[in-house]
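Work through the exercises below with the model open. Each task is followed by a solution in steps.

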Amino acid sequence: MPHLRLAPPAPTRPGVLLPRRDLAAAWILLLLLAALAWVLTVGQSRHMGMEPGTMGLALPLFLLLWVVMMAAMMLPSVAPVAITWVRAINRRSAGPARALRIAEFIGGYLLAWAGFGLLAYGALAATGRLVDRDPGAARWIGAAAFLLAALQQFGPLKRVCLRHCRSPMFQLLRYSRFRPWAKDLRVGMHHGLYCVGCCWGLMIVLIPLGFMNVAAMAGLAAVIFLEKLWRGGPWLAWAVGAVFLVLAVLAPFQDWLLPGLDTSGPAMDQMTGRAG
């Protein structure tokens, strides 16, 4: 029988470098938007704490907060595609029309993540109900979340989507063939869907780590940034997958790894006190 050899993914080359002026302008815009989103996220987290489930948020409010979180975590890593697309926009529009087209691109990108937010809300609501009924289930929910995230890091969907996100010039050749109607919105959404395919496993670890765990969000944002922009990003994806495998094994025995599934935290104590 032939022997199968498993090899780590070959690092892909980042997109072609852009002129410094265009590069700096796009980076400044995206970083300012991300910084504003981080300020709003951190401010909100101070009033919410951590607990299992959706933390009592209705779906519209949850989606609003989710989109702000995604803007904070994802906008810096989307810079290569945004920069090159903005340059294409600049050659065909100016003034308010240019600003509107840029806003459409970013809006389409965040709209793709809002769609994933619907699934995240359902997953959080389901885990919250399970943990309320049986607090001991938290450790197995956490282990399953880490294991699923690890499998996604090693899977073919991750490789395909990460390669897409790391090669913006190839993407824009395809995007240039889109029909003019709402073109920038659809380009942003199309790239956002690839980004969701690349990063959904990283997002589900917020179930055991805590939906409003700012430290976890910052760590995941750094991983996403390096996976997409660093030369060794594909290797990092494998290393993070290995870490998740270790956490999946430890989770049933180490409750401190599951702050987002802890029903005895301060936030829960306050809610119980108010209910009483």
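**Exercise 1. Helix pair**

Task: In this predicted model, find at what angle the axes of helix α10 and helix α11 cross, and classify the pair.

Solution: 
- Step 1. Locate the elements: α10 covers residues 214–229 and α11 covers residues 233–250.
- Step 2. Two packed helices are described by the angle between their axes and the distance between the axes.
- Step 3. Here the axes come within 6 Å and cross at roughly 140°.
- Step 4. Angles over 145 degrees would count as roughly antiparallel, and 65 to 115 as roughly perpendicular. The helices α10 and α11 are therefore oblique to each other.
- Step 5. List the residues that meet. From α10 they are Val223, Leu226 and Glu227, and from α11 they are Gly233, Pro234, Leu236, Ala237 and Val240.
- Step 6. Sort the residues of this contact by type: six are nonpolar, one is polar and one is charged.

**Exercise 2. Surroundings of Leu65**

Task: Decide whether Leu65 is buried or exposed, and name the residues in contact with Leu65 beyond four places in sequence.

Solution: 
- Step 1. Leu65 lies in helix α2, which spans residues 59–74.
- Step 2. Buried means under 20% relative accessible area. Leu65 has a relative accessibility of 10%, so Leu65 counts as buried.
- Step 3. With neighbours within four places in sequence set aside, Leu65 is in contact with Gln44, Met48, Leu57, Phe211 and Met212.

**Exercise 3. Cysteines**

Task: State how many disulfides the structure holds, and examine Cys165 and Cys195.

Solution: 
- Step 1. A disulfide is a covalent bond between the sulfur atoms of two cysteines. The cut-off used for the sulfur pair is 2.5 Å.
- Step 2. The count for the structure is zero disulfides. Cys165 is in none, and the nearest cysteine sulfur, in Cys198, is 4.9 Å away.
- Step 3. For Cys195 the closest cysteine sulfur belongs to Cys199 at 4.3 Å, which is too far for a bond.
- Step 4. Check burial: Cys165 counts as buried at 4% relative accessibility, and Cys195 counts as buried at 0%.

**Exercise 4. Confidence**

Task: Find the average pLDDT of the protein chain and a stretch where pLDDT stays under 50.

Solution: 
- Step 1. The chain averages a pLDDT of 83, and 84% of the residues score at least 70.
- Step 2. Over residues 1–18 the pLDDT is below 50, and this stretch has 26 contacts beyond near neighbours in sequence.
- Step 3. Residues 267–276 also stay under 50, with nine contacts beyond four places in sequence.

Notes. Residues are numbered from 1 along each chain as its sequence is written. This is a predicted model: local features need pLDDT of at least 70, side-chain atom pairs count only at pLDDT 80 or more; totals for chains, interfaces and linings use all residues. Side-chain values use heavy atoms; hydrogens and water are left out. Helices (H or I, at least four residues) and strands (E, at least two) are DSSP runs, numbered from the N terminus. Buried means under 20% relative accessible area, exposed over 50%, partly exposed in between (1.4 Å probe, protein chains only). Contact means heavy atoms within 4.5 Å. Axes are lines fitted to C-alpha atoms, for helices over the stretch in contact, and angles run from 0 to 180 degrees between N-to-C directions. Angles under 35 degrees count as roughly parallel, over 145 as roughly antiparallel, 65 to 115 as roughly perpendicular and the rest as oblique. Ala, Val, Leu, Ile, Met, Phe, Trp, Tyr, Cys and Pro count as nonpolar, Asp, Glu, Lys and Arg as charged, and the others, Gly among them, as polar. pLDDT is the predictor's confidence in each residue, from 0 to 100.
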